[in-house]
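Student: Please take one part of this model and go through it closely with me. I would like every cut-off spelled out along the way.

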Amino acid sequence: MSIEKVREYFNSYGIENKILEFPVSSATVELAAKALNTEGCRIAKTLSFSVNDSPILIVTAGDAKIDNKKYKTFFGIKAKMLTFDEVEEKIGHAVGGVCPFAVNDDVKVYLDESIRRFDTVFPACGSSNSAIELTPEELEKYSAAFIQWIDVCKLPE
């Protein structure tokens, strides 16, 4: 199970006990916010894309949306999300539990600036009923294949 991979990964940092598990689903921003009793914007959603046939993850604030123009300017190509069926195979976690921790070796992780406006955020931990509370700095530190902070999102008006 993916959450066990994440637990093992976090064990090397001594933070495996910080993983929160819920009796209800946290597979979407709305469900995670409800399970955590927090605002949806503080959920760190992890989106899966393909760039030149290589899998990447972009972690954004829960209320942020990919801005296609910013994405194309940064990556040089149009945004192409992985299909539901591709996600688990290419990333290492199933949809609903995708996170930047304990991912497949060839996955690159980018963190969007939309996260930096919060003291802490809640990314998933490999299952559809888990999360961990981290500062943006901790999220960067623990993200398996962190490349860089980017600005490819737009926030609600």
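Tutor: Let's start with strand 2, which gives the most to the lining of the largest pocket, with six residues. This is a predicted model, in which local features need pLDDT of at least 70 and side-chain atom pairs count only at pLDDT 80 or more, while totals for chains, interfaces and linings use all residues. Residues are numbered from 1 along each chain as its sequence is written, and side-chain values use heavy atoms, with hydrogens and water left out. Strands (E, at least two residues) and helices (H or I, at least four) are DSSP runs, numbered from the N terminus.

Besides strand 2 (43-51), at least two lining residues each come from helix 2 (29-36), strand 6 (122-123) and strand 7 (130-131). Sorted by class, the lining holds 15 nonpolar, eight polar and one charged residues; Ala, Val, Leu, Ile, Met, Phe, Trp, Tyr, Cys and Pro count as nonpolar, Asp, Glu, Lys and Arg as charged, and the others, Gly among them, as polar.

An open sheet of five strands, with mixed pairing, runs in the order 6-2-3-5-8. Strand 6 and strand 8 (146-150) are at the edges with a single partner strand each, so one side of each has no neighbour in the sheet. Two strands count as paired if DSSP finds at least two bridges between them. Strand 2 and strand 3 run antiparallel and are joined by eight bridges. Across that pairing, Lys45 is opposite Thr60 of strand 3. Thr60 has a relative accessible area of 1% and is therefore buried (buried means under 20%, exposed over 50%, partly exposed in between, with a 1.4 Å probe and protein chains only). Thr60 touches, among others, Lys45, Leu47, Asp112 and Cys153, not counting residues up to four places away in sequence; contact means heavy atoms within 4.5 Å.

The two ends of strand 2 are worth a look. In the hairpin of strand 2 and strand 3, two residues sit between the strands, and Asn52 takes a positive phi near 50°. Asp53, in the loop between strand 2 and strand 3 (54-61), also has a positive phi, about 65°, although it is not a glycine. Most residues other than glycine have a negative phi. Asp53 is exposed, because its relative accessibility is 72%. In the loop between helix 2 and strand 2, Asn37 has a positive phi of about 55°; at 73% relative accessibility, Asn37 is exposed.

Strand 3 itself is mostly covered, with seven of its eight residues buried. Its parallel pairing with strand 5 (residues 108-112) has four bridges, where Ile58 partners Tyr110 and Leu57 partners Val109. Val109 is buried, at 0% relative accessibility. Its contacts include Leu57, Val59, Pro100 and Phe146; Phe146 is 37 residues away in sequence, yet the C-alpha atoms are 4.6 Å apart.

Finally, helix 4 lies across strand 2 and strand 3, at about 100° to strand 3. Axes are lines fitted to C-alpha atoms, for helices over the stretch in contact, and angles run from 0 to 180 degrees between N-to-C directions. Ile91, in helix 4 (residues 84-91), is buried with a relative accessible area of 0%. Its contacts include Ser48, Pro55, Ile56, Leu57 and Val98. Pro55 is 36 residues from Ile91 in sequence, with 6.9 Å between their C-alpha atoms.
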